[in-house]
Structure formats: C-alpha cells, structure tokens
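Dear colleague,

Please find below the structure that I am handing over to you. My notes on it follow directly after.

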Amino acid sequence: MLFVETRGNDGVKPEKVSFSQAILSPSASFGGLYVPESLPTLDEAFYHSHLKSSYKELAYDLLKRFGIDIEDSLIKEALDLYDRFDDPNNPVPVVQVEEKFYVSELYHGPTRAFKDMALQPFGHILSVLAKQRGENYLILAATSGDTGPATLETFKNKPNIKVACLYPAGGTSDVQRLQMVTEDGENLKVIGIEGNFDDAQTALKNLLASSEFKAFLQSKGIKLSAANSVNFGRIIFQIIYHFHSYLELMRKGDINFGDRINLIVPSGNFGNALGAYYAKKMGLPIEKISIASNANNVLTQLIKEGRYDLRDKCLIQTSSPAMDILKSSNVERVLYDKFGPARTKELMESLNENDFYALTPKELEALQEDFDADFTTDNEVLKIIKEYVEEKNYLMDPHTATTVKLYKSHRNMDNIAYSTAEWTKFAPTVYKALTGKDKNIRDQEALEAVSQMTGAKIPERIKALFEKPIIHDTVIPKEKIQESIIEFLE
Ligand SMILES: *Cc1c(COP(=O)(O)O)cnc(C)c1O
C-alpha cells in the first residue's frame, strides 16, 4: 500500500510514499497529511473466519491486508506488546452496560488511556525502523495529559529515538503529571511549561519553525518525526479495535453479521473517529459514527451545520481535557477522502487564514452520511457519571461520559461507545460527581475515596506513582524551551 497527500503534491516531495516513509517523516506537501491511496475491503467470510481469533490474530490479518512494508516478524513483535494489557487474551473488553449500549474499553494498557492502543505497537515499529536505517529521530510532543505518558512509556530506553515532552505545569491531573515526571529513561526529557496547553502547543510550533533549532538538529544528524495522530502509524492501529468490537458482539450472539450498529467516539483530534471511518469504508456494518464532544463543540457544529468556525471561539478548559481541542487535525483526512486534494487544500488554507471554512450543502450531506454529533457539558458529565454508578453499577471517566447522550438518541439499534480513559486518571472529577462536593481534592485522596465508595480497584501502577522519585523537575517559561531541549540533545 502506498500513501498520498491530502493537499496534493508540491513537486519536491515524492508523489507516493511507503508506510515506513509516511511514519518516519509524517509531514506532507503544503502542511498536509499522508493518507492511504486505497483501503482493503473485507467480505463476510473475513468476520466468520475471525470469530475465534485473538485480538492479535485479528490485528495481524488486518495489517497484512494493508500490505505495509514492515517485516512479518516486526509486526508480530509490535503486536506482542498487547500482552502488557490487563488481559493479554482480550486487551479490549466490550462490556454491556444496558440494553443497546455497550462500552468498548480501550484503556487497559500501561498508561490507562486509549493512546496505548496505538502508541505501544507504533513506538516499537518506529524505533526498529530508525535503528535498521542507522538514523536518529527526535519526537517532540506537547500534551494535555494522555499523549505524553503513552509516548514516554512506549519510547523509553528505545534505541535511535529521543523524546522531548512538553506539558502545561498545573494543567494536568496529578496522575497524568506523575506518569510523566517519574518516567525514567536516558532518552526522555519532560518539561513543564509555565502556562496552559495552548502555551505548550505554541511553544512547540515556534520551536519547529525556528531556523536555529533546525540547523542544530541538522548538525547533529537528528531527524524529526511525530507521535501524535497526524502520524498514520497511529491511525492504522486505531482501525483494528472497531472490527474487534463488532466481532465481540457477534461472539456474544447479540448481533449477526450485517446488523448495523452505531459507534460513539469521544473525540479530540479525530484519530479514533477516523479509524472508525476507515473501518466503515472497509465494510464494517456501521450506521453512523457519532462524534461526542465537550463544551469545545467545533466538531458538533461542523457535522450539524457544515461550518468549521473558530472566529468566535476560544479554548474552554473542561473535565475531559483530552477533548479540549479547537483544530482537530484528522478531519482533514475525511475531507480528502470525500472531496479530493484540491478542495481539501482550499478548505484547510481557509481555516488557517480565516479561522473558518464552510462546506456546500452537498458536501455537508456527504459528511452526514457517515457522521452525526452532539456535545455534553461538564455539569451533564457529573450527572451521567453518578447516574451510571448508582443505576448501572458502571464507573466511567469524564471522556467516556460524553458518549451517553449520543447513545440515547440511537436507541433503535445497538451502540458501541468507546471508553478512552480509566476513571483513575480523573479521580477528582469522579469524586465530585459521586459526592456532589466541589472541594479541591488531590488525586491520591480522590482515588481512595472513589475506590471505597464504588469498590473499583486502583491498578498497582497508579498507586505506585505516588511513591516513585520525581526524575524530571524542569518547569520553565516557554521562551527557554529551545535552550533546554538543545542542552538535552547535547
Ligand atoms: C486522546 C484522547 C481522546 C481523543 O481522541 P482523538 O483520537 O484525538 O479524537 C479522548 N479521550 C481520551 C481520554 C484521550 O486520551
């Protein structure tokens, strides 16, 4: 399989690249992204043949059908990392919460958020490729809390890769911060930025635009890659679990092949939803992909009204910080798929220049064939968490709670909602939901209290965080970042 570019080709970059090229250097012409030229399609026999497969067997078969230029043995090694999940036989349990409402839990990996689903295998493949080529890569990450821990965890002590991770000091939960600042590994640098996530992200953008920094990297022979979901190496692993979740319902005998179901995805950068879209195109019987947002509801507006409009919006901090995003990168890949490179380039340029684009009525109709959307406020999230603990005995994190409203408007068919984080990453919000107390509680105390109230277990890895030594204590203003990263790379 080869990859082409969402905004067309600039005549300098190759017109098509292989999978390994697309993941090592993910930036495409005109600031665009790499997308597969075509997708494999799967017939009914595929599903029946996988009814007894493990997650890894299913994943291996799917990856082979993509025809990626990665050796079989490396694919297998990468998939073996799912053995580090709670249940190696089923890394993604699908739990029925009530009639017509299932939750597919993507958070059973080492950092307790769905980022592990892709970053675990992807990190291994990237570092082996770098080593085979004798190249050195720097991964720069700005994180609001989940990408950081998962990126550090997958790359720690890996050869030929260094990671510098920027997080907003005071802008993450205690658990998320500790997951980063206690992570040891010679090749890792974690830097707290004085400011919010926007500041961290701006700092990263400035760094990437700095000619001084580029010259420094060149002099050291260090190349830049990326570990966020602009990298197709993340997306490919985020296609698999949609098939797995559907198969789980078939295995339970709750659906037959061909029954259409609804998928509900708590969305930020749209990587998870894009994986669902590709799965649908590959033949998975999905009625709609329902995009759940929080108060940062740009995607709801896009899908309902056909306008991507940031002119009157600023980022709102919510209890589901991984979804606090205004520019959702992977929407671009859907635009490309539906409207082609010229139109995508036009729309994306309008977004960058005018903070705005509008789809034509026909284009909006095409988008709505696959997607619908709604958003949930923080207050509603609190009520939902409490209601589901008390009435259904199911504990969900604030991101997962944003899916419930969307399921309620699709009661005519089975719904699978994705749970993207374990409650333990957001214990103070869950505590507030269950007790109604709005006091400033630290994560450690909230974890204990919620665990006592609900009987939910706290994983050893989370408990241990509070005892581990702090390794990265750098907190600096954003002007000092370049200096700090250069010092680390020296
Ligand atoms: C990253 C993340 C999301 C958003 O996923 P996208 O693929 O960026 O849309 C949602 N919830 C949690 C907990 C996350 O970590």
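This is a predicted model, in which local features need pLDDT of at least 70 and side-chain atom pairs count only at pLDDT 80 or more, while totals for chains, interfaces and linings use all residues. Residues are numbered from 1 along each chain as its sequence is written, and side-chain values use heavy atoms, with hydrogens and water left out.

The sheet

Three strands make up an open, antiparallel sheet in the order β2-β1-β3. Because β2 (17-18) and β3 (34-36) each have a single partner strand, they stand at the edges, and one side of each lacks a neighbour in the sheet. Strands here are DSSP runs (E, at least two residues), numbered from the N terminus, and two strands pair if DSSP finds at least two bridges between them. Strand β1 (residues 2-5) is joined to β2 by two bridges, with L2 opposite S18. Three bridges link β1 to β3, and F3 has P36 as its bridge partner there.

The ligand

Around the ligand are 15 residues (a heavy atom within 4 Å), of which K115, D146, G268, N269 and T420 come nearest. Polar contacts (N or O atoms within 3.5 Å) include one of 2.8 Å between a polar backbone atom of N269 and a ligand oxygen. A polar side-chain atom of T420 lies 2.8 Å from a ligand nitrogen. The protein covers 97% of the 380 Å² of accessible area that the ligand has on its own (Shrake-Rupley method, 1.4 Å probe).

With kind regards

Note on methods
Helix = DSSP H or I, 4+ residues; strand = E, 2+ residues; numbered from the N terminus. Polar contact = N/O pair within 3.5 Å; in protein donor to acceptor, adjacent residues only side chain to side chain.
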